[in-house]
Amino acid sequence: MGITGTLSSDQLDSFNSQGYLVIESFANPEDIESMMKRMDKLLDDFDYTNVSVFSTKNQRKVTDDYFYQSAENISFFFEEKAFGDDGSLKQPKQLSINKVGHALHELDPVFKGFSSSEKCSGLLSSLGYKKPVIIQSMYIFKQPGIGGEVVPHQDNSFLYTEPTTCTGMWLALEDATLLNGCLWAIPGSHKNGLVRRFLRGENGVYFDQPSPSYDQKDFVPIEVKAGSLVLIHGDLIHQSFENQSSKSRHAYSWHVVDTDGCKWAPENWIRRKVEPEPLYAS
């Protein structure tokens, strides 16, 4: 399948220099409405009696079968602050979910259609991908008032290949602002390489190194309008803060790795039973 690269030389230079690139109006209003309506339907149909709580601060909280199986399922993860002391939800489930993942791109026709489009593949061709696969996808809610912090991290820590090939694609379905928890990044930090890895062992998942300390003044906010796509280099240090506003910050995010001349690390948390299909081969 012939896929033509769609990024300009200036865009590529900016991505290679900064480690991220904002592409405004990447998704049109119809795309956004389609994905948000589809997620409304998935949530309506979701029975939350058997769920998992997601924490980016304490990954050991999610080391259960539900989490592992989410690699090939559409699974639902609640915010840490969604439940009261009695274990019941403090608000409707639609306002309590942290994210849905990690195979939306594979199992749901709406998200698959967008993630696998030639428009998306064209970006990957520009970045030099030969045989890319989407390895995970997430619908992230960043709920009003309880949307949790995502601590500084690198995507290659979680989705490691040899050599490293991960690129994150983060699509704003609603405006992302300073108030509702937009992305923040350290420009150029991808040039310093990978600092630690997230491994799956016999007793669960863990980081092989403690987190470095970062100076918050080195981060810059990435405020974007709904429909904007943020391309994220796998080694870029990025984060987001809690949503303390009254407005949600929905986003759809998916991560791509190459399979041409690259090896998926067996100690990654994702251990698929069925290998994903490449978006294209060049």
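A residue counts as buried when its relative accessible area is under 20%, as exposed when it is over 50%, and as partly exposed in between (1.4 Å probe, protein chains only). Keep that in mind for strand 8, where T167, M169 and L171 point one way, G168, W170 and A172 point the other way, and all are buried. What you're looking at is a predicted model, where local features need pLDDT of at least 70, side-chain atom pairs count only at pLDDT 80 or more, and totals for chains, interfaces and linings use all residues. Residues are numbered from 1 along each chain as its sequence is written, and side-chain values use heavy atoms, with hydrogens and water left out.

**The whole protein**

- You'll find six helices and 16 strands here; these are DSSP runs numbered from the N terminus, with helices (H or I) of at least four residues and strands (E) of at least two.
- The radius of gyration, taken over C-alpha atoms, is compared with a globule rule of 2.2 Å times the number of residues to the power 0.38.
- For 282 residues that rule puts a compact globule near 19 Å, and the protein's 18 Å agrees.
- Along its principal axes, the C-alpha trace spans about 55 × 45 × 40 Å.
- Of the 282 residues, 51% count as buried.
- Take the contacts (heavy atoms within 4.5 Å) between residues at least 6 apart in sequence: 85% of them join residues at least 24 apart.

**Charges**

- There are 27 positive and 37 negative side chains, and the centres of the two sets lie 2 Å apart.
- Lys and Arg count as positive, Asp and Glu as negative, while His and the chain ends are not counted.
- Each charge is placed at NZ of Lys, CZ of Arg, CG of Asp or CD of Glu.

- Strand 8 covers residues 167–172, and because six of its six residues are buried, it is largely enclosed by the rest of the structure.
- In a regular strand, side chains alternate between the two faces of the sheet.
- Two strands pair if DSSP finds at least two bridges between them.
- Strand 8 runs antiparallel to strand 13 (residues 229–233), with five bridges joining them, and T167 has H233 as its bridge partner there.
- Strand 15 (residues 251–258) is also antiparallel to strand 8, this time with six bridges.

**A look at S253**

- S253 sits in strand 15, opposite W170.
- Its relative accessibility is 4%, so S253 counts as buried.
- Setting aside neighbours within four places in sequence, S253 touches Q136, S137, M138, I140, M169 and W170.
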